Protein chains: 2
Amino acid sequence: MTLFWDCLMALLAAFGLICIAWPPLLWEKLDRYRREKHKRNEERPMELNEALEKLDALQKKSYAYEAGLSALYLDGDTVAPPDTEEGRALAVSVLAGEWHEKFTAPETGALLDYLTEHREELDRVRRRQVEELKRDYDKDRRIPADEYMEFERLTSEANAVWKRAKAGNDFGLFLPYLEKIVAINRKFAGYYDPGKAPYDALLDEYERGTSMAFYDPFFAALRERIVPLIRAVGEKEQPDDSFLHRHYPAEAQRRFSDYLMEVMGLDRAHCTIGETEHPFTLSFNNRDARITTHYYEDDLASSMYSVIHEGGHAKYDMGVADDLQYTRLAGGVSMGLHESQSRFYENLIGRSLPFIEAIFPKMRELFPEQLAGVTPEQFWRAVNKAQPSLIRTEADELTYPLHIMVRYEIEKRLIDGALEARDVPGEWDRLYREYLGVDVPDDAHGCLQDSHWAGGSMGYFPTYALGSAYGAQMLKNMEAEIDVWSPVGRGDLSQVTAWLREKVHRFGGLLEPADVVKNACGQFDPAVYADYLTKKYSELYHL
Amino acid sequence: MTLFWDCLMALLAAFGLICIAWPPLLWEKLDRYRREKHKRNEERPMELNEALEKLDALQKKSYAYEAGLSALYLDGDTVAPPDTEEGRALAVSVLAGEWHEKFTAPETGALLDYLTEHREELDRVRRRQVEELKRDYDKDRRIPADEYMEFERLTSEANAVWKRAKAGNDFGLFLPYLEKIVAINRKFAGYYDPGKAPYDALLDEYERGTSMAFYDPFFAALRERIVPLIRAVGEKEQPDDSFLHRHYPAEAQRRFSDYLMEVMGLDRAHCTIGETEHPFTLSFNNRDARITTHYYEDDLASSMYSVIHEGGHAKYDMGVADDLQYTRLAGGVSMGLHESQSRFYENLIGRSLPFIEAIFPKMRELFPEQLAGVTPEQFWRAVNKAQPSLIRTEADELTYPLHIMVRYEIEKRLIDGALEARDVPGEWDRLYREYLGVDVPDDAHGCLQDSHWAGGSMGYFPTYALGSAYGAQMLKNMEAEIDVWSPVGRGDLSQVTAWLREKVHRFGGLLEPADVVKNACGQFDPAVYADYLTKKYSELYHL
């Protein structure tokens, strides 16, 4: 600098007048010039084609990180040796952090801002991608990278600990994790939407547009109709379902799963089935889905309906249009709609008499002794036996929403601080008595039964009930448009799937959840769901 | 700018003398000032503690990307639905590219330069980490990111295609991939070391310090001793090994694998076994290893020795010191040393009479009918039957190096361009006739038998023979130091493992391969290997 200053000062001194006032002004001017020159060289105006290429690359990167994390998760939950969480938790936390850092970098913001400005020039798919990514970006920017990594690390560990806690009926083991998961959810709710009550922000995360103000009356309306129905059913004679609990060897059940996947049209070249404690679906893309189940040798229906349920999730993911793959719009659009599909196949189709009649010959072939003398109608009555019980995933279709209401109530109060994590077991037991009239014998059959909280999800459960309500409306519309039951009665689900693909699956995330609901259900109306349950159980129990 | 220039020009004009010469000089000065100011603000001098933290973070990131890629690879090779390569190849290619970009960024170089300058202040572990990372960095900087991604994408696809090609005995299907893999290896060899012949650069990549000048005389010396030995063995009566090919149900073989892993001290809480076409070992860290095997119901020895072989790899990875985990120094130090461990357990221990005597009671229990009337000594002779054959992985210990020599010759000529990929089947058949005297019936039993080329590896095979030579020297030293065979004869491998851990495993990448070899073998001498084979087969065949 000396030379410049020397010369400049000499010049200024020579001119005499402006030696004091000028230097700062000069600097500022020079600085602005440098910035602009840099901008011209390095940040020359983005062009649309270039921006679209960057958009595609960004989404492929998102896919790649997600796939890596999914593969680690899948491995951890299926084939990994038991005592290996440490390394996996490290990998998951770092990789998630890497993606978070990359996605929330200012370049991403600049790209999305540019594309938002040029939204009129984009086609429908690209426009929607930009909208959704921008929304994600704005939200994720609010979450500090270290907290995001902490969340990933915590839930990876918590999932492993939860498994041990459930196996050993040891809530104390899981408690510190539950406490941390509540705290981090509360904190994240503030990042999602600081203007909302924390639980509202979480509900909206899982199903855009929902809130306590939405769910409270939905559940109240449902309870008003279902509780008397359950009471009426309870006064009737229960069907015999003892044959469901004969000895069903896992190996024969595996062959049954293969058959069910075939009936559902799940192409085994693109969809496998594995075995885990808690069944789940994980889809990498529309040509690579994985479902899992759990075989109980004294319970045929458990795995049977897990396979159909998870198969329904897979059908949705695999039905999304090809041109949305490896983008933000691949996969299902919301949890509620995802559950509407899984539960549609599981309950509305899978627990219908025509479906059971269609698959019964194969069942008799696989389980000749266990099903000796059992008719399809008896089987249908058995798998629809409605009775308050302990385990959500094995609850019948009628009492199921009450299991959800218990979790909704507990989450609501955990998040607003009215309930401490350590008091969950007591509150769980109390609500099961109040809502379902059953006594919870231990936490393994109580508040430790589900993996959701261990996975970090709070606000997810209500979408299950919502999905069932959506499904009832879809069935009503489907019945009005096509002949549903004749093909199903022949074991042909292709028309049902085609309808759902047309109205729901193919859109992926291209439409807002509410628009998909409108498309497939019309105006949301919980009464349709209550009507459906009333009709079904009146028929089953001769009410 | 206008104001500044106007004023400056006015000043300059007023002074008259320097109006032409000065502006560029001024700009250069200003530019340097800006850069230095920026450096002071943003790149203040690094401090050692901060640099060490960055070093740890860098290595944890490396671990995380590697773990994500490994999980994708593992999934693809074990449980993924068959027709799902596309999405996985995309994910692998992008993730690998992401890491490559991150690792080869100038910041990494600056960090490693800084730590290299301060190497005297680092402890032994950190110093070695920096050395190895710097070497990786310099090499990787030479590989353009797009070519690196292309390599990852190509090998991910090639692996899937190779499986189909092998299953369908269709070399033509694999040929275009082999061509590309040769071309990319040749190109990469130039990046590894442009001063070397390409195949030398590749050999050095898999075993630092080796070259054609090293392997040519090694193989020549070996051939000189082994070929007459094989001829002598060929003139003797062959042992009966028909009982190895009775019906061994996969389920019973699975239980046998469990037993073998127990004998090897492979803790199932940290090591699983899976089933794949081609057995392999994949270790995430020293507490998370996976081995795989392949069961043939008409061949007991195949899976048995795959399990022991892969178990040997796992023992090495799991024996590396805790303080090297999640760093550049975790895992085995070189391919040759890795193979020395797998082959040590497989051949030197697993095919020894004391070992077979120790495990025979359990084998009789698992396979009572198949092994009725068979003595441990007969079994020992059967699994050591030396006879030229087609499949490398099932070759006996004596003829095995000749299988390697075929591959070495072919790779050498593929890489230097003397051989075209399309001529590989013919050349393979010719060399098998020349070296082993066997006729290759088809490519599935010929040049399509191994996965290595599909995985992108050329220059890897020779390390197998090298590993066997190392192993023979290790056994000689082990026998001089401890009582090897009494505990092995009781099925107790703990002393053998302890010796290998002390001399080889625990160091991981802390020492140079050559120093580990010196530590465990002394001076490298292929004659010890030839002596070992001569002694063993003279005893087996009463030469």
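Q: Which domains does the domain assignment of chain A give?
A: The assignment gives domain 1 (48-142) and domain 2 (212-541) in chain A; such bounds come from an automatic or database domain assignment. Residues are numbered from 1 along each chain as its sequence is written, while chains are lettered from A and ligands numbered from 1 in the order in which they are written.

Q: What pLDDT does chain A average?
A: The average for chain A is 91, and 92% of the residues score at least 70. pLDDT is the predictor's confidence in each residue, from 0 to 100.

Q: Where in chain A does pLDDT stay under 50?
A: That happens over residues 1-31 of chain A, for which the model has 24 contacts beyond four places in sequence. Two residues are in contact if their C-beta atoms, placed from the backbone, lie within 7 Å. Where pLDDT is low, the predicted coordinates should not be read in detail.

Q: And what ipTM does the complex get?
A: The predictor gives the complex an ipTM of 0.83, along with a pTM of 0.84.

Q: Back to the domains. What separates their centres in chain A?
A: Taken over C-alpha atoms, the centres of domain 1 and domain 2 of chain A are separated by 30 Å. As for touching, 13 residues of domain 1 of chain A are in contact with 13 residues of domain 2 of chain A.

Q: Which elements give two or more residues to the domain 1 side?
A: They are helix H3 (48-78) and helix H6 (124-142) of chain A. H3(A) provides the largest share of that side, eight residues. Helices (H or I, at least four residues) and strands (E, at least two) are DSSP runs, numbered from the N terminus.

Q: How do the residues on that side divide by class?
A: On the side of domain 1 of chain A that touches domain 2 of chain A, there are five nonpolar, four polar and four charged residues. Here Ala, Val, Leu, Ile, Met, Phe, Trp, Tyr, Cys and Pro count as nonpolar, Asp, Glu, Lys and Arg as charged, and the others, Gly among them, as polar.

Q: New topic: in what order do the three strands of the chain A sheet come?
A: The order is S1-S3-S2 in an open sheet of chain A, with mixed pairing. Strand S1 (271-275) and strand S2 (281-285) of chain A stand at the edges with a single partner strand each, so one side of each has no neighbour in the sheet. Two strands pair if DSSP finds at least two bridges between them.

Q: How many bridges join S1(A) to S3 of chain A?
A: Five bridges join S1(A) to strand S3 (residues 288-293) of chain A, and the two run parallel. Within this pairing, A:Gly274 stands opposite A:Thr292 in S3(A).

Q: Which helix lies across those strands?
A: Helix H12 (residues 300-319) of chain A lies across S1, S2 and S3 of chain A, at about 165 degrees to S3(A). Axes are lines fitted to C-alpha atoms, for helices over the stretch in contact, and angles run from 0 to 180 degrees between N-to-C directions.

Q: What about chain B, in what order do its three strands come?
A: In chain B, three strands form an open sheet in the order S1-S3-S2, and the pairing is mixed. S1(B) pairs with strand S3 (residues 288-293) of chain B in the parallel sense over five bridges. B:Ile273 has B:Ile291 in S3(B) as its bridge partner.

Q: Now helix pairs. At what angle do H18 and H21 of chain A cross?
A: Helix H18 (residues 462-481) and helix H21 (residues 513-521) of chain A cross at roughly 40 degrees, and their axes come within 8 Å. That makes H18(A) oblique to H21(A), because angles under 35 degrees count as roughly parallel, over 145 as roughly antiparallel, 65 to 115 as roughly perpendicular and the rest as oblique.

Q: Which residues meet there?
A: A:Tyr470, A:Gln473, A:Met474 and A:Asn477 in H18(A) meet A:Val517, A:Ala520 and A:Cys521 in H21(A). By class, this contact has five nonpolar, two polar and no charged residues.

Q: And at what angle do H9 and H16 of chain A cross?
A: Helix H9 (residues 198-206) and helix H16 (residues 400-416) of chain A cross at roughly 130 degrees, with axes that come within 8 Å. The contact of H9(A) with H16(A) has four nonpolar, no polar and three charged residues.

Definitions and conventions. Predicted model: local features only at pLDDT ≥ 70, side-chain atom pairs only at ≥ 80, totals over all residues.
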